[in-house]
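Welcome! Open the model in your viewer, and let us take a short walk through it, one selection at a time.

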Amino acid sequence: MSITIFCPSCWSECKAKEKICPSCGADLESLDKRGFSEKLISALYHPEPLTAVRAAWILGQIKEKAAVPQLIEVLSSSPDPYIQEVAALALGKIGDGKAVDVLSKKLLDLNSYLIVRIASAEALGMIGGEACEAVLETASHGADGALKEAITTKKDNP
Ligand SMILES: [Zn+2]
C-alpha cells in the first residue's frame, strides 16, 4: 500500500516516496508535520470556501485530533453547507466522542441542510457506540431517501 501525504505548501496529494511536490515543487523532505496541521486548522476559516473544504477533508484523512474543536465550531457555525458537510465527515473519520453532540444536533435538526444531515449520520456511524446508535435510531423515524440510506447502511456495517 502506498502512503499518501499532502504537500504542506499547496496541499496536493503526493506519494510518500516523492521528495519534491509534483504540483508546486516544494521540498517535501522539510515537511513539518506539526506546522502543517496548524496551517490546515487555520485554513478552516479561509475566506475561499474551497480552501476551507479542502483543509477539512485533509484533516479527516490524516485523522488530526487537534482539529476536533475547530471542526466542531465550523460544523456548528459555518453558513456554508459544503464546509459543514466536510467538517462532519472529518469528525467521523477522526472518531472523537466529543463530536457526538454537535453531529446529533445537526442530524436531528430538520432545518439543517440535507447534505449536512446525511454527513452527520455517516459520521455518527463511523464513531459508533451506544450514544450514536441511539441518535441514528431516533433519526431513522421519518427519514427517507438518501438520509435513510445513510442511517441504515451504517447500522448494518458497524
Ligand atoms: Zn505542492
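Begin with the overall layout: the centres of domain 1 and domain 2, taken over C-alpha atoms, are 26 Å apart. To colour them, select 1-30 for domain 1 and 32-156 for domain 2; these bounds come from an automatic or database domain assignment.

Residues are numbered from 1 along each chain as its sequence is written. The model is predicted, so local features need pLDDT of at least 70 and side-chain atom pairs count only at pLDDT 80 or more, while totals for chains, interfaces and linings use all residues.

**First stop: W11.** Select W11 in the loop between strand 1 (4-6) and strand 2 (13-15). Strands here are DSSP runs of E with at least two residues, and helices are runs of H or I with at least four, numbered from the N terminus. W11 is not a glycine, yet its phi is positive, about 70°. Is W11 buried or exposed? It counts as buried because it has 20 C-beta neighbours inside 10 Å. The cut-offs are 20 or more other C-beta atoms within 10 Å for buried, 12 or fewer for exposed, and in between for partly exposed, with C-beta atoms placed from the backbone.

**Next stop: K63.** Move to the loop between helix 2 (49-61) and helix 3 (68-77), where K63 is found. K63 also is not a glycine and has a positive phi, of about 50°. With 12 other C-beta atoms within 10 Å, K63 is exposed.

**Last stop: T152.** Select T152 in helix 8 (residues 145-156). T152 counts as partly exposed, with 14 C-beta neighbours inside 10 Å.
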